[in-house]
Amino acid sequence: MTRSSHDSLAAAIAEASACRVCADSLPLGPRPVFRVSDTARLLIIGQAPGTKVHMTGLPWNDPSGDRLRDWLRLDRDQFYDVSKIAIVPMGLCYPGRLAAGGDAPPRPECAPLWLDRFIRLMPQVRLTLLVGSYAQQHRLGKGAMTDRVRRFRDFGPAVVPLPHPSWRTTGWERRNPWFSEDLLPTLWQAVRDALS
């Protein structure tokens with residue numbers, strides 16, 4: 001795939017929607033799930049769609065999405081306003097399950113092909129949320145998720161690392177009260193500023 005200096009978001013959307021690069025490795029087949037626009041001011045980078053998201057084609061359309069929206073203090077209409085909020089996971093398609101349980105990691109081919117390209121083509125983004133370890137490693141390099149989230153101020157006002165908002169995070173939040181006491185109020189203001 002050759003990209004000229006005249007690359008457009010419309011071309012990237014069409015190509016990503018038709019992507020079949022790792023089709024043979026996807027247990028439910030390819031169904032790229034993402035939302036982008038050239039007016040988006042907030043970018044949410046997550047892991048990869050789960051089965052519920054794969055079935056509906058709507059990102060974060062599951063209990064983890066409910067928790068994420070709660071963290072952001074956004075209702076569904078605000079969250080899915082693609083003119084303001086872009087949502088691009090590290091892997092656009094459901095990657096399957098691990099033998100030991102839990103979702104498999106995002107396909108490694110995906111972020112270099114699509115996420116990085118989308119980021120270049122969305123110049124209005126003011127705030128990027130790195131949700132979970134995979135997104136954080138891709139943008140920030142290796143490191144421990146809890147440490148990164150605790151040091152959220154080190155990444156400047158334009159990037160905020162967050163844990164993945166799955167049910168497993170309930171215990172993590174109890175053990176890390178600074179998350180709701182310190183990070184979330186800062187996040188609420190950052191989201192308001194980015195979207196205003």
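Strand 1 (42-46) and strand 3 (residues 127-131) run parallel and are joined by four bridges; helices (H or I, at least four residues) and strands (E, at least two) are DSSP runs numbered from the N terminus. Within this pairing, Leu43 stands opposite Thr128 of strand 3. The model is a predicted one, in which local features need pLDDT of at least 70 and side-chain atom pairs count only at pLDDT 80 or more, while totals for chains, interfaces and linings use all residues. Residues are numbered from 1 along each chain as its sequence is written, and side-chain values use heavy atoms, with hydrogens and water left out.

The two strands belong to an open sheet of four strands in the order 2-1-3-4, with parallel pairing; strands count as paired if DSSP finds at least two bridges between them. Strand 2 and strand 4 (159-162) are the edge strands, each pairing on one side only. On average, neighbouring strands of the sheet are turned by 15 degrees against each other, direction ignored. Helix 6 packs on this sheet and touches strand 1, strand 3 and strand 4, its direction making about 125 degrees with that of strand 3. Here, contact means heavy atoms within 4.5 Å, and axes are lines fitted to C-alpha atoms, for helices over the stretch in contact, with angles from 0 to 180 degrees between N-to-C directions.

Two packed helices are described by the angle between their axes and the distance between the axes. The axes of helix 3 (residues 63-72) and helix 9 (residues 178-195) come within 8 Å and cross at roughly 80 degrees. That makes helix 3 roughly perpendicular to helix 9, a label that covers 65 to 115 degrees. From helix 3, Asp70, Trp71 and Leu72 meet Phe179, Leu184, Leu187, Trp188 and Val191 of helix 9. The residues of this contact divide into seven nonpolar, no polar and one charged; Ala, Val, Leu, Ile, Met, Phe, Trp, Tyr, Cys and Pro count as nonpolar, Asp, Glu, Lys and Arg as charged, and the others, Gly among them, as polar.

The largest pocket has a volume of about 980 Å³. A pocket is an open set of points on a 1 Å grid over the protein atoms alone, with protein on both sides within 12 Å along at least five of seven lines; a cavity is a set where a 1.4 Å probe fits but cannot get out, and lining residues have an atom within 4 Å of a point. Grid points are joined across faces, edges and corners, and a volume is the space filled by probe spheres set on them. Of the 36 residues lining the largest pocket, Ser64, Asp103, His164, Ser166 and Arg168 lie nearest its centre. Elements giving two or more residues to this lining include strand 1, helix 3 and helix 8 (169-175).

Helix 9 also gives the most to the lining of the second largest pocket, with seven residues. This pocket holds about 190 Å³ of space, and Gly156, Pro157, Val160, Thr186 and Ala190 lie nearest its centre.

The structure holds one cavity of 30 Å³ or more. Of the 17 residues that line the largest cavity, Cys19, Cys22, Leu26, Cys93 and Cys110 are the closest to its centre. Its lining has 13 nonpolar, one polar and three charged residues.

Conventions
Parallel < 35°, antiparallel > 145°, perpendicular 65-115°, else oblique.
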